[in-house]
Amino acid sequence: MVDRTAPGRERRRALRRLTGAVAALGLTLPLGLSVAAPTPAAAAAGDLKVALTSDIDTLNPFLAILASSTGILRFQYESLVQYGTDNEVVPGLASEWQTSPDGKTWTFTIPADRKWSDGEPLTAEDAVWTFDAVKDEEALQQANGGLVTNVAKVTASDPQTLVMTLNSPQAANPGAELPIVPEHVWADVDAATYANDTDTVGSGPFVITSYAQSQSVELKANPNFWRGAPKISGLTYVSYKSTDAAVQALRTSEVDVVSGLTPAQFQSLDGQQGITTNSGAGRRYQAMAINPGAVDADGKPLGNGNPALQDKALREAIMTAIDNKTLLDRVLQGLGRPGQTEVPSVYPAYFGFAPGATERTFDPAQANQMLDDAGYAKGADGVRTDKSGKPLKLRLMGRNSDPTHQQLAEFIQPWLRDVGIDVEVSMVTPNQVNDDSTLGRYDLYFTGWGIGPDPDFQLSINRCDSRPNADGSGSTSESNWCDPAFDELYDAQHAELDPAKRAELVKEAFTMIHEAAVNDVLYYADSLEAYRSDRFAGFTKQPTEGGVITGQNGYWGFYDAAPVTAADTDPAGGASDGLPGWVLPVGLAVVVLAALGVVLGLRRRSSAADRE
């Protein structure tokens, strides 16, 4: 949870800028001409290049599941309400909202000056169209179907007023999370197949202009964004096959931001000239999911999971044979927090087990005993057999774009072999992991979700009605698990308006998932990231203390970013590097001497000014 800048970087950066300015003056100005600092508007130009080391499944907001895709779409589309820099609910498309006394009617006000990036008016009708599309078309429920299950009706009483009627009261603001799209674009296309990757229209600070698969995604600044246009001209996501390649690109200034670093990569960048590293409390959990016997929305078997895993005793034994503390210490080198439920410690109100719950501990002897008692006998080769007499062999799947997945597998494979379970490891593309896990084509796989400030959505994708269709379309299930008792607990927390009582119910619901032994939460990794601080500054963290720049619940990280020349320019028009903003009618020699004096002054006070 620290933001590290290379020692002396500010001094060296100032010296380079001043030296360059003096050289430019010598080339372009005759003696006696006035010298003025550059204006903030001129300094604000420039694209921020961000390394992308994961696949894009789609840029269609109705279908996007992968964090790489949804993270980009957060810059393009706002919801009715947003999560602020400290994860509080703040205005989005709606400037204000009210709730009826019975909690079933929500009224959102959309200001008349809201515009889409193409200049068309943004009205309540756009939100009505979006909600109705998700509610009425099963094909559009893949990403956000769980957000509208409690929505009975959405109407626009006028262009600026949206009225949402719920089936029952709910604690979470129903205007959060669902990206609102422009009706004048989406009503004229097949929303279920629309690529949404060229010259798009959005409401957020940036909009997508082009996408080249496995190469790049380009976004330009939206001049109509209601909070004001960004200080940078755009974002360019550049694809790399590995984080090693992305780190090298950062070192050579080919990109400006890299996230998802391994501890070794993070430490190698710490203290490098022109680079600032940030270790922030992450909002994601890392887990190993176990296929409990996936079925589709019609209750028919889905995929090819090993049927032995339908036995909870076997799943419990597998989790007991895995040492989560060692994984945190050895794979993450301690840069994270021990795992409990799906809710990370960054959300303290919902973090932790319900009272009376038992946390699993690493105990190979107990795991062996559990397997013996459940009837999984060991063969002569040390591999156990299932209850049909077949060798107990399982497949473990991970993403080939994440080095930690291979490292995790290298620990887990021998641990499970020690208790008589043979494991075959395969590392595949993120898209294949997404497809195979959705369709139940796995035994074990590494998974993780970014959790929002309100846990309702994450709980909703564990309901029985979150199961997908046979072809993978429709809803999304977190673990292909279903329990009617969980659905009842979900409904209870969903409608509970007392924050303390609701927090208790939320913990009970997540504890039920833990006790079902379908998702072994290994740890909550710190978000390890780095950026070229000699090129860009002004990044906003979420939360503001000890938070992250990338992977936020919103667009704050890059929205406030600015080229260093703009970030270091005094609002009154002067450059904060020491050159005065007023005009000096002096000769070049005097300018040189003044610049040298400023550098010497910076050198003397560097111990107090080494900061962003």
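1. Contact of H14 with H15. In this predicted model, Ala485, Phe486, Leu489, Ala492 and Gln493 of helix H14 meet Arg502, Leu505, Val506, Glu508, Ala509, Met512 and Ile513 of helix H15. By class, the residues of this contact are 9 nonpolar, 1 polar and 2 charged. H14 covers residues 484-495 and H15 covers residues 499-516. Their axes are 9 Å apart and the packing angle is about 160°. Since angles over 145 degrees count as roughly antiparallel, H14 and H15 are therefore roughly antiparallel to each other. The crossing of H14 past H15 is left-handed.

2. Ala517 lies in the loop between H15 and strand S20 (519-525). Its phi is positive, about 60°, although Ala517 is not a glycine. Most residues other than glycine have a negative phi. Is Ala517 buried or exposed? Ala517 counts as buried because its relative accessibility is 0%, and the cut-off for buried is under 20%.

3. Contact of H8 with H10. A further helix pair is formed by H8 (residues 312-320) and H10 (residues 364-373), which pack at an angle of about 165° with their axes 8 Å apart. That angle makes H8 roughly antiparallel to H10. H8 passes H10 in a left-handed crossing. On the H8 side the contact is made by Ala313, Leu314, Glu316, Ala317 and Thr320, and on the H10 side by Pro364, Gln366, Ala367, Met370 and Leu371. These residues divide into 7 nonpolar, 2 polar and 1 charged.

4. Nonpolar cores. The largest nonpolar core has 64 residues. Which residues have the most contacts inside it? They are Phe62, Leu80, Met164, Tyr237 and Phe558. Helix H4 (residues 124-136) gives the most to this core, with 7 residues.

5. Surroundings of Phe62. Leaving out residues up to four places away in sequence, Phe62 touches Trp129, Thr130, Ala133, Val134, Leu140, Gln142, Ala143, Val181, Trp186 and Ala191.

6. Helix H12. In H12 (residues 430-438), the buried residues are Pro430, Val433, Asn434, Asp436 and Ser437. What do they pack against? The partners are strand S17 (393-399), strand S18 (422-428) and strand S19 (444-447). An α-helix has 3.6 residues a turn, so residues three or four places apart point the same way. Gly440 follows H12 and has a positive phi, near 75°.

7. Gly84 sits in the loop between strand S4 (81-83) and strand S5 (89-91). With a relative accessible area of 1%, Gly84 is buried. Beyond its neighbours within four places in sequence, Gly84 is in contact with Val90, Gln542 and Trp556. The C-alpha atoms of Gly84 and Thr544 are separated by 9.8 Å, while the two residues are 460 apart along the chain.

8. The cis peptide bond. Gln542, one of the contacts of Gly84, is joined to Pro543 by a cis peptide bond with omega about -5°. Most peptide bonds are trans. Pro543 is in the loop between strand S22 (536-537) and helix H16 (556-559).

9. Asn196. Another positive phi in a residue other than glycine is that of Asn196, near 55°. Where is Asn196 placed? Asn196 is in the loop between helix H5 (183-186) and strand S10 (206-212). At 2% relative accessibility, Asn196 counts as buried.

10. Arg330. Arg330 belongs to helix H9 (residues 324-330). At 55% relative accessibility, Arg330 counts as exposed, the cut-off for that class being over 50%. Arg330 and Pro263 are 67 residues apart in sequence, and their C-alpha atoms are 9.9 Å apart in space.

11. The chain overall. The protein chain has 19 helices and 24 strands. Of its 612 residues, 52% count as buried. Among contacts between residues at least 6 apart in sequence, 71% join residues at least 24 apart.

How values were computed. Residues numbered from 1 in each chain as written. Predicted model: local features only at pLDDT ≥ 70, side-chain atom pairs only at ≥ 80, totals over all residues. Heavy atoms only, no water. Core = buried A, V, L, I, M, F, W, Y, C linked by side-chain atoms within 4.5 Å. Buried < 20%, exposed > 50% of the residue type's maximum accessible area, 1.4 Å probe, protein only. Helix = DSSP H or I, 4+ residues; strand = E, 2+ residues; numbered from the N terminus. Contact = heavy atoms within 4.5 Å. Axes fitted to C-alpha atoms, helices over the stretch in contact; angles between N-to-C directions. Parallel < 35°, antiparallel > 145°, perpendicular 65-115°, else oblique. Left-handed = near helix turned anticlockwise from the far one by under 90°. Nonpolar A, V, L, I, M, F, W, Y, C, P; charged D, E, K, R; others polar.
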